[in-house]
Amino acid sequence: MFFKQVVGLEEIKSKLRSMVQKGRLSHAMLLTGAEGNGGLPLALAFAQYLVCDKVTHKTIAPDLLFPAASADEEKLPIESCGVCASCVKAAQLIHPDIHYVYPVFARKSGDKPLSADFIVEWREFISQSPYGNLYDWLQYIQAENKQGNISAYECNEINRKLSLKSFEGGYKIQIIWMPEFLGNEGNKLLKLIEEPSPDTLFLLITENESKILPTILSRLQIIKIPRPDLHDIEQALKLHGQFSADQARKIAAVSQQNYRDALRLLQETPEDWPGLLRDWLNGILKSGPVAQVKWIEDISKLGRERQKQFLQYFSHLLEQAIRLRMGAEPLAGLPDSEQDFALRLNRVADLSSQQAIVDEINKAIYYIERNAHTKMLFHALTIRFYHILHNHEVAVVT
Ligand SMILES: [Zn+2]
């Protein structure tokens, strides 16, 4: 994987490169950030960068791999070369000095599963969905309702592997995805993380830092991975496939800066969110109960995920409306049709009504995620919005 395949995060990429350049690489790092931020792809790209022949040179002893650079020293490349033998192996996840650990489950009772037992699936999974989350992974390996786990046996295996010499003379890199699943077993790794051999590098990637053993956490250099910004997501979507700039922008807008969600949305057929929203608002403002009931029937037929996306889209438009109201420039790339819609929203609702609607939308999304009965939920929302919008009309008249 290349850095350029990781969406956004330019500041962190250059921080990592600079640590290498200055010979200040910590031996145990934790990349921490929410799902869809790209912690795992970043770790994969960084590992490839570190083993690339063009970046390092394997004939140098590991502890001299990255001596502090003098000012006139040549700068390291910003990207791994992608063509040397090390890069090729790293990209296929078969480099002998890059080890992977991730949650797995026992296929049969009494099994002592190791990550290595699932390495074929892992390679396929990463090549298809490097932004996948734990749920995607467990689905992929058909864990069904079983929980993933990183076991004591796995920790013994890590200790064993890292005690061996590096195969290719460079770094031995241990990637641990979701170290929050180590539980107390993680204590078995303490010594290794505290006093690693100079050629050992731990890259841990978590979505939930608070669940990592404090004894482990205190020994890690923590690097926070922020959400990629909307513009970066949009650009990445455009590069990703056969999608128009307009589609990429729409999907980025409802992705809540979660690139995993954005990719998932791409796989679904695009919905006519503006049309659906227009019908709803017309039903509430003009047409009356019959149209409202029909609209509620229609939206109830969409799955929860789609209903959530629709509400996110509405919330996104309201944000644009509020921006315009405040005199801010419209977001770059906002199409005229959406700008029009946002302006119309400003005519039918004042600022406090819009804020009340955004609050209601956020609550509704929260309940949809927790399995609320969505037909009743959209009924209740319709009534709430009726009162919010009609109160506003009265306020405008008086
Ligand atoms: Zn290379």
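Select strand 3 first: Lys-172, Gln-174 and Ile-176 point one way, Ile-173, Ile-175 and Trp-177 point the other way, and all are buried (20 or more other C-beta atoms within 10 Å of the residue's own, with C-beta atoms placed from the backbone). Strands here are DSSP runs of E with at least two residues, and helices are runs of H or I with at least four, numbered from the N terminus. In a regular strand the side chains alternate between the two faces of the sheet.

This is a predicted model, in which local features need pLDDT of at least 70, side-chain atom pairs count only at pLDDT 80 or more, and totals for chains, interfaces and linings use all residues. Residues are numbered from 1 along each chain as its sequence is written.

Keep strand 3 (residues 172-177) selected: 6 of its 6 residues are buried, so the rest of the structure largely encloses it.

Ile-98 has Ile-173 as its bridge partner in strand 3.

Now pick Ala-47. Leaving aside neighbours within four places in sequence, Ala-47 is in contact with Ala-90, Ile-98, Ile-173, Ile-175 and Leu-203 (C-beta atoms, placed from the backbone, within 7 Å).

Finish at helix 1 (residues 10-21): its 12 residues should span 16 Å at 1.5 Å a residue, and its end C-alpha atoms are 16 Å apart, which agrees. The expected span is 1.5 Å times one less than the number of residues. Gly-23 follows helix 1, with a positive phi near 65 degrees.

Note on methods:
Two residues are in contact if their C-beta atoms, placed from the backbone, lie within 7 Å. A residue is buried if 20 or more other C-beta atoms lie within 10 Å of its own, exposed if 12 or fewer, and partly exposed in between; C-beta atoms are placed from the backbone. Two strands pair if DSSP finds at least two bridges between them.
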